[in-house]
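Hi,

Here is the structure I promised to pass on. Have a look, and my notes follow below.

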Amino acid sequence: MKKTVFLFIVASIILTASFTMKTEGDPQKPWVVSDAAKNKKNPISSNATSIAAGKTLWNTHCKSCHGSKGLGDGSKSAQLKTEPGDFSKAIVQDQTDGALFFKISEGRKDMPSFKKKLPDEEDRWQLVNFMRTLKK
Amino acid sequence: MKNKIKNISVYLSCLILLVFISTRLNAQDPAELSTESTETKIKPVKNTFESAVLLDNQTVIVPIKGTFEMDIQHRFGTINNGAKDLFGLFAPSNIRIALSYVPIKNLLVGAGITKDRMQTDIHLKYALIKQTPTKFPVSISYFGNMVIDGRDGSYFRYNVHRFSYFNQLIIARKITEKLSVQVAPSLSWFNNIEGYVNSNGDIKNKMKNEHIAISTMIRYKLSESTALNFGYDQALTAHPTNNPHPNLCFGFEKTTSAHNFQIFAGNYYGIVPQSNNLFNQNDYMKSQYVLGFNISRLWNY
């Protein structure tokens with residue numbers, strides 16, 4: 001009986017610690033975007049067509065990490081060293097189109113650069129337009 | 001012979017019908033919509049297919065400049081032995097590993113090795129025309145290769161007999177966002193063809209050195225990243241003996257940002273296109289299908 005209680009306590013400690021480690025991960029350093037990039041104007045109007053095109057690109061290139069609704073819960077998110085973030089929240093949605101475009105284009109750490117994979121800027125702007133639909 | 005003529009006429013009728021349908025659906029081209037906001041610049045239709053290789057053939061697609069691609073293509077044995085060899089999974093299999101690169105816009109070059117006949121190939125593909133909403137109704141690419149048969153020297157009288165060549169004009173159209181169709185006539189050439197001695201003592205070729213064939217593929221997207229694929233390859237050249245059987249294939253495809261996975265069943269075992277076109281003796285009427293898969297990995301530099 002004592003052994004069972006002891007094992008239960010050890011298991012509880014390990015389980016609690018694992019949650020603690022998950023939530024106490026290193027906060028990410030701010031992603032610095034120059035004013036020029038922030039103020040870059042989105043040349044693609046946000047309409048059903050550009051959002052649909054952005055959604056297609058999202059499902060191919062972004063969904064596996066960021067999740068289908070941008071909540072950061074994609075199938076590969078658990079393997080990432082950096083948090084993919086929650087795109088439905090104001091911390092992302094308050095950023096300018098130019099800032100989002102810059103981050104998609106340049107990448108950082110686990111987030112790859114899409115300048116070469118999606119060389120057509122129009123594709124990346126369409127992705128930005130789709131990301132706006134993830135706002136809650 | 002009558003059956004063969006009938007097959008070809010049915011096949012050609014289907015092709016004409018497909019081209020007709022695609023022309024009628026011109027007004028529904030999804031790419032027209034995608035250019036609304038950039039009216040001044042007409043861009044080619046994107047993603048007619050999701051990969052450069054599909055089922056047993058090349059597609060019209062040439063990846064963007066700077067793309068490095070690795071392909072792994074695998075074919076198991078025929079399924080018609082049933083549980084005896086687990087539907088071909090335990091039978092001798094064929095595999096090809098290839099690397100290719102796009103050094104300049106619209107040109108893909110590469111090389112590969114194939115287990116069957118120990119073949120080494122070098123290949124290139126060039127996108128000649130790309131489908132646009134208003135100017136070109138189809139995309140057209142040229143694909144060609146040169147293959148060296150690496151088997152023991154006893155198979156060949158001269159080393160030049162090891163070489164074979166393949167030339168293909170690939171014509172494709174993205175009809176709707178989900179449906180794409182491709183037609184590709186091809187010319188294969190083998191420097192060496194097996195011979196036999198007839199009853200008069202004359203040496204004759206079992207087959208012609210050249211072989212003309214036509215291939216069709218249809219892709220229907222189930223979602224942004226998955227699709228069903230169908231293919232049919234028909235020989236057009238009649239040989240004295242050993243006429244090859246057509247290839248009927250169908251499969252499922254999944255695409256991610258950097259990968260393309262295909263699993264399918266078909267009659268072709270050879271992987272190298274000219275070997276398939278000339279030497280396929282698997283008959284779909286006798287359920288001689290092989291299971292196969294293709295995996296592509298892309299890197300962008």
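Helices (H or I, at least four residues) and strands (E, at least two) are DSSP runs, numbered from the N terminus.

The housekeeping: this is a predicted model, where local features need pLDDT of at least 70, side-chain atom pairs count only at pLDDT 80 or more, and totals for chains, interfaces and linings use all residues. Residues are numbered from 1 along each chain as its sequence is written, chains are lettered from A and ligands numbered from 1 in the order in which they are written, and side-chain values use heavy atoms, with hydrogens and water left out.

Now chain B. Strand β14(B), residues 247-255, runs antiparallel to β13(B), residues 226-235, with 8 bridges joining them; here Cys249(B) has Gly231(B) opposite. β14(B) also pairs with β15(B), residues 259-266, in the antiparallel sense over 6 bridges, and a hairpin of 3 residues links those two. In that pairing, Phe250(B) sits opposite Ala265(B).

Over in chain A, helix α3(A), residues 48-61, has 14 residues and reaches 20 Å from first C-alpha to last, close to the 20 Å expected at 1.5 Å a residue (that is, 1.5 Å times one less than the number of residues). Its buried residues (under 20% relative accessible area, 1.4 Å probe, protein chains only) include Leu57(A) and Trp58(A). The buried residues of α3(A) pack against α4(A), 63-66, and α7(A), 121-132, with contact meaning heavy atoms within 4.5 Å.

Cheers

How values were computed: Two strands pair if DSSP finds at least two bridges between them. Buried means under 20% relative accessible area, exposed over 50%, partly exposed in between (1.4 Å probe, protein chains only).
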